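Subject: Structure for you to look at

Hello,

Here is the structure I said I would pass on. Please open it first, then read the notes below it.

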Amino acid sequence: MADATQDVLVKRIGYEAERINSYELIARAGGGLAPFTAGSHIDLHLPNGMIRSYSLVNDQRERQRYVIAVNRDGESRGGSNFVHDCIKAGDILRVSRPRNNFALHEEAEHSILIAGGIGITPLLSMIRRLEALGRRWELFYAARSRAAAAFLDEFTALRPDVHLNMHVDFDDERSGRVFDIPAIVRNAPARAHLYCCGPVPMLEAFEAATADRPAGHVHVEYFQAREAPAAEGGFDVRLARSNRTIAVEVGKTILDALLDAGMAVNYACAEGVCGTCETRVLEGIPDHRDQFLSEDEQAANKSIMICCSGAKSRTLVLDL
């Protein structure tokens, strides 16, 4: 398990909702998988060369399997369509060890979880953990329709009265109402931890509504970029450990330039969301475009997501 990746077998594929399938993955060689905590994700190394990140939805106490869910996204750059069309039960895939950029604060007196569509995936794992700990939680879950809402049956299986913790909202059943995130935040207990995962407009509304809350009590998980990657080019990247200088040309990201130069660098989502490509900055001023670093971390300019961020200075010196 010291390796950063492991081969897994696709044991089972399940239908969870319109356009959403679940994939149960077990160790190819048998035995256990690397442990994870609620909110974690893994990177799938797909046979077509793509690397995509997916949240784990199962109970963190399970060591024999990972379960992910994949939404066939009409605006996908190919990852979700490839998984739906090409991955079959019995296939062997390579996956990363789990990483957690959206950790559950288990000590919280109360947890408020807000999900939009496929954003339910990390929150389901959190709810399983909160149930195991006997902690208080509430879920606000919005989707296009009941048929498009994944894992509703999983919640009803948790306990008979779980509906008391859940507030579901479907676009086609609203009768003029709106999914009121500011009201959800206003009504949340002062000491509650609040979590949100879903489409960008939902996350932006959540961040605006929670601006006055303690930063340590507000947690957001982005599945897609908020803005386009920096591809203006016109600067150099100096690699301190490799003793190389690489020009980033117009129309290319730093990642593009490094890959074109034959550099082996870590990356996955290519949108500045997952954190895989985070690289230490030694000199220069980054032009941050990611959704991974906090505002304070971006202001400190100590690291950069090379897949999407650029440079405000003529040269960036990176620890590569």
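A nonpolar core is a set of buried Ala, Val, Leu, Ile, Met, Phe, Trp, Tyr and Cys residues joined through side-chain atoms within 4.5 Å. Keep in mind that this is a predicted model.

The largest nonpolar core has 31 residues, and L113, L123 and L139 touch the most other members. At least two residues of this core come from each of β5 (66-71), β7 (110-116), α2 (120-133), β8 (136-143), α3 (152-156), β9 (166-170) and β10 (193-198). The element that gives the most is α2, with 6 residues. As for L139, its contacts beyond four places in sequence include L113, I120, L123, I127 and F155.

Next, helix α5. Its buried residues are V200, M202, L203 and F206. They lie on the same side of α5, because they cover an arc of only 160 degrees around the axis. P201 and A208, on the other side of α5, are exposed. Among the elements that cover the buried residues of α5 are β7, β8, α4 (181-187), β10 and β11.

Last, R213, in the loop between α5 (200-209) and β11 (218-222). This residue is buried but has no salt bridge. Where is the nearest side chain of opposite charge? That is D212, 8.6 Å away. A polar atom of the R213 side chain does lie 2.7 Å from the backbone oxygen of V185. Not counting residues up to four places away in sequence, R213 touches V185, R186, A188, P189, A190, A192, L194 and V218.

Regards

Note on methods. Residues are numbered from 1 along each chain as its sequence is written. This is a predicted model: local features need pLDDT of at least 70, side-chain atom pairs count only at pLDDT 80 or more; totals for chains, interfaces and linings use all residues. Side-chain values use heavy atoms; hydrogens and water are left out. Helices (H or I, at least four residues) and strands (E, at least two) are DSSP runs, numbered from the N terminus. Buried means under 20% relative accessible area, exposed over 50%, partly exposed in between (1.4 Å probe, protein chains only). Lys and Arg count as positive and Asp and Glu as negative; His and the chain ends are not counted. A salt bridge is a side-chain nitrogen of Lys or Arg within 4 Å of a carboxyl oxygen of Asp or Glu. A polar contact is a pair of N or O atoms within 3.5 Å; within protein, one must be able to donate a hydrogen and the other to accept it, and residues adjacent in sequence count only if both atoms are side-chain atoms. Contact means heavy atoms within 4.5 Å. The arc is that of the directions from the helix axis to the C-beta atoms.
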